[in-house]
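This report goes through one model in sequence and structure, from the overall fold to single residues. The chain is shown first, and the description follows.

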Amino acid sequence: MNGPQGVQGTGQQSGTGVIAWIDRRLHVVRWFRAEYVDYRMPRNLNGLWNFGAILCVVLVLMLATGIFLAMNYTPAATGAFASIEVIERQVPAGWLLRALHMTGASLFMGALYVHLYRGLYYGSYKAPREILWLTGLVLLVMTMVTAFAGYVLPWGQMSYWGADVVGKAVGAIPGLGPALEHVMEGSDALGDVFIHRFFVLHFVMAFAIVGIVGLHVAALHISGSNNPLGVEPAKPSDTVPFHPYYSSKDMVGLVLFGIVFAALAFLWPDLLSEPANYRPANPLHTPTDIEPEWYFLPFYGILQSVPSKFLGLVASAGAVLVLFAVPWLDPSPVRSVRFRPVCRIALWGLVVAFVLLGLVGRHHAAGAWMIAGRCATLYYFGYFLVLLPFAPRFEKTRPLPSSLS
Ligand code: HEM
């Protein structure tokens, strides 16, 4: 794969060592050199371009810790909660595995939102990067499913009642709903079959994500990276090789992220989790507040703000689905909102609406929260379905630079 930004160094590998022997037959070394050493990147990438590498590293950590957790986990209604307690208290370093896996899940979702917002901000979804964007969104959906399936596994109160809410929401889909609910739950009561299915789903999906990440990065290396100016590199001095420039910059990003990660995992391991999930699932006792993990709260806020259960589900799923259409909803030739004064402000408004929806999800949409939830939902969809398509008709864009340097 030779990116448009000019890959060099793909020539024959000479030498007599084992590596050179393998490379003459499998081309792995020259491939690695072309894609991760000599690969040319725009010279002006900022710290937001570190998040792809951060996501890759956290993904590996999630798989590694997940495999060891799975070795000690019991996927059954009677044993799941107790097996988590055993991991926390008796398995050597089990508490560490769990702290890393739980903190990793939260930070992975957080990093995913930053990564996605970076794409919206700098117009990285526009041609020729549509497939890159779409594979990213497939990863978002797969990660959401994996995170939800994982949250069910400890079989605490929130696992059980969260699964109950989602099962009923799926069941509310006209026509297919009840059948889907049955496939998901496996029997009339949430229990062994359900946990077993979600354990397999969690495990399989996590590895499938790795495959799609490969596709995502392959798509990236074909189109090349976008950059904060949203202008394609025009001359050789507009780009620098990945190594040592961005390999070192990614290391700095990873160390800073690692500090935040370590602080959360070691000093505040329970900050991002729900205390109610430390009580075993009890089908006879509904908690007063059923709420998902923080990263699902904005979607839960939309679900609650819409009066009908089914339409709430449509709006909530639509909030993710609309992102798939963004490359075709935005006809402006200017990528980066740095040069689009109206869209820039409106995009920050989208962050406010998203956070507000999260608060609505947390406080339950009633009274003033209901009004706020409805306004934020309208704003969210208004941004994508009204502003993006029509902005080029009235927005006066700023002049674009002719090169990155
Ligand atoms: C498992 C999750 C994901 C992983 C591991 C991942 C990985 C990466 C990596 C390594 C890069 C190159 C470095 C960078 O530009 O930051 C990248 C770029 C990119 N990703 Fe992702 N990604 C994921 C999810 C997503 C999602 C949810 C989206 C949004 C739809 C997305 C959209 C993009 C785009 C548009 C680029 C190119 C950005 C540019 O050059 O301006 N990715 N991704």
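The domain bounds used in this report come from an automatic or database domain assignment. On that basis the chain of this predicted model is divided into domain 1, residues 24-284, and domain 2, residues 291-405, and the centres of domain 1 and domain 2, taken over C-alpha atoms, are separated by 22 Å.

**Where the two domains touch**

In the contact between the two parts, 36 residues of domain 1 meet 24 residues of domain 2. On the domain 1 side, the elements that contribute two or more residues are helix 5 (94-121), helix 6 (130-152) and helix 7 (157-171); helix 6 provides the largest share of that side, with seven residues. By residue class, the side of domain 1 that touches domain 2 holds 22 nonpolar, nine polar and five charged residues.

**The chain as a whole**

The secondary structure of the chain amounts to 14 helices and two strands. Along the principal axes, the C-alpha atoms fill a box of roughly 65 × 60 × 40 Å. A compact globule of 405 residues would have a radius of gyration near 22 Å, and the chain has 23 Å, so the value agrees with that expectation. Of the 405 residues, 34% count as buried. Among the contacts in the chain with a separation of 6 or more, 79% are made by residues 24 or more positions apart.

**Annotated features**

From the record, an unreviewed UniProt entry, comes the feature "domain: Cytochrome b/b6 N-terminal region profile", listed for residues 18-229. In the model this span is 74% helix and 1% strand, and its end C-alpha atoms lie 44 Å apart. UniProt, again in an unreviewed entry, also places a "binding site" at His 221. His 221 belongs to helix 9, residues 192-223, and it counts as buried because it has 20 C-beta neighbours inside 10 Å, where 20 or more is the cut-off for that class.

**The shell around the ligand**

The ligand is surrounded by 29 residues, the closest of which are Gly 52, Ser 124, Gly 136, Ser 225 and Asn 226. Helix 3 (51-72), helix 5, helix 6 and helix 9 are the elements that give two or more residues to this shell. Helix 6 gives the most, with seven residues, and helix 6 is also the element with the largest share of the side of domain 1 that touches domain 2. The residues of the shell divide into 19 nonpolar, nine polar and one charged.

Which residues of helix 11 are buried? They are Leu 297, Pro 298, Phe 299, Tyr 300, Gly 301, Ile 302, Leu 303, Gln 304 and Ser 305. Because nine of the nine residues of helix 11 (residues 297-305) are buried, this helix is largely enclosed by the rest of the structure. Its buried residues pack against helix 12 (309-329), helix 13 (341-363) and helix 14 (368-394).

**Backbone details**

His 27, a residue other than glycine, has a positive phi near 60 degrees; His 27 is found in the loop between helix 1 (18-26) and helix 2 (28-36) and counts as partly exposed, with 14 C-beta neighbours inside 10 Å. Ala 93 likewise has a positive phi near 60 degrees without being glycine. The place of Ala 93 is in the loop between helix 4 and helix 5, and Ala 93 is exposed, with 11 other C-beta atoms within 10 Å.

Is Gln 90 buried or exposed? Gln 90 lies in the loop between helix 4 (80-89) and helix 5, and because it has 10 C-beta neighbours inside 10 Å, it counts as exposed, the cut-off for that class being 12 or fewer. The C-alpha atoms of Gln 90 and Met 109, which are 19 residues apart along the chain, are separated by 29 Å.

Note on methods. Residues are numbered from 1 along each chain as its sequence is written. This is a predicted model: local features need pLDDT of at least 70, side-chain atom pairs count only at pLDDT 80 or more; totals for chains, interfaces and linings use all residues. UniProt positions are given in the numbering used here, feature names are shortened, and annotations may be inferred rather than shown by experiment. Helices (H or I, at least four residues) and strands (E, at least two) are DSSP runs, numbered from the N terminus. Two residues are in contact if their C-beta atoms, placed from the backbone, lie within 7 Å. Ala, Val, Leu, Ile, Met, Phe, Trp, Tyr, Cys and Pro count as nonpolar, Asp, Glu, Lys and Arg as charged, and the others, Gly among them, as polar. A residue is near a molecule or strand if its C-beta atom, placed from the backbone, lies within 6 Å of it. The radius of gyration is taken over C-alpha atoms; the globule rule is 2.2 Å times the number of residues to the power 0.38.
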